Amino acid sequence: MTTAPRRRLVLASASPARLGLLRQAGLAPDVIVSGVDEDALHADSPAELALVLAQAKAEAVAARPEVAGALVVGCDSVLELDGQALGKPADAEDATARWKAMRGRSGVLRTGHCVIDTASGQRAAETASTTVRFGEPSDAEVAAYVASGEPLHVAGAFTLDGRSAPFVDSIDGDPGNVIGLSLPLLRTLLARTGTRITDLWV
């Protein structure tokens, strides 16, 4: 009895957090950065924008000849606050202003997910949403956090698995989605394209 070779999985994202989540779940994706100009894409709502960005990343990588036959996963996250989509802050001043606006309030972290099976052409995409309740860090704590450089590299200027974790009081929803990728949603999208996530385990 022989088993079919494990499908190649490609992550169309430079995010180390997303790669870490996939590895912790028993997967071993290759990483190919899409090169998509995120600022050039627009949508009517933060949830739609996250999905448009994820699809654009997945499509850009899936079109490359070197990924023929692979499963491609694209993701992108934005924080919805006051109806606006907040991605990575432009600079330290922007990150500081973000935190002063977010503290003591709630936002919704939207992460778009897109799976493309380059062998069959099947695809599935959806946005996962998690409500985040921010604590009230002092001005000095915000300044120290911004000085660490971490918020400049993450959507919404915060993350659950880093230095800002003490400044997040609670969440409603999937914590992985806030970190960068919802594993339950990924499982669902893979199933829609005909792949069981357990078949990708290493």
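Me: Which residues point one way from E3, and which the other way?
Reply: Leu 71, Val 73, Cys 75, Ser 77, Leu 79 and Leu 81 point one way, while Val 72, Gly 74, Asp 76, Val 78 and Glu 80 point the other way, and all are buried, where buried means under 20% relative accessible area with a 1.4 Å probe and protein chains only. This is a predicted model, in which local features need pLDDT of at least 70, side-chain atom pairs count only at pLDDT 80 or more, and totals for chains, interfaces and linings use all residues. Residues are numbered from 1 along each chain as its sequence is written, and side-chain values use heavy atoms, with hydrogens and water left out.

Me: Why is strand E3 largely enclosed?
Reply: Because 11 of the 11 residues of E3, residues 71-81, are buried, the rest of the structure largely encloses this strand; strands here are DSSP runs of at least two residues, numbered from the N terminus.

Me: In which sense do E3 and E5 pair?
Reply: They pair in the antiparallel sense over 10 bridges, with E5 covering residues 106-117, and pairing requires that DSSP finds at least two bridges between the strands. Strand E1, residues 9-11, pairs with E3 in the parallel sense over 3 bridges.

Me: What stands opposite Ser 77 in E5?
Reply: Thr 111 does, and Thr 111 is buried, with a relative accessible area of 0%.

Me: Switching to side chains, what lies 3.0 Å from a polar atom of the Thr 111 side chain?
Reply: That is the backbone oxygen of Asn 177.

Note on methods: Buried means under 20% relative accessible area, exposed over 50%, partly exposed in between (1.4 Å probe, protein chains only). Helices (H or I, at least four residues) and strands (E, at least two) are DSSP runs, numbered from the N terminus. A polar contact is a pair of N or O atoms within 3.5 Å; within protein, one must be able to donate a hydrogen and the other to accept it, and residues adjacent in sequence count only if both atoms are side-chain atoms.
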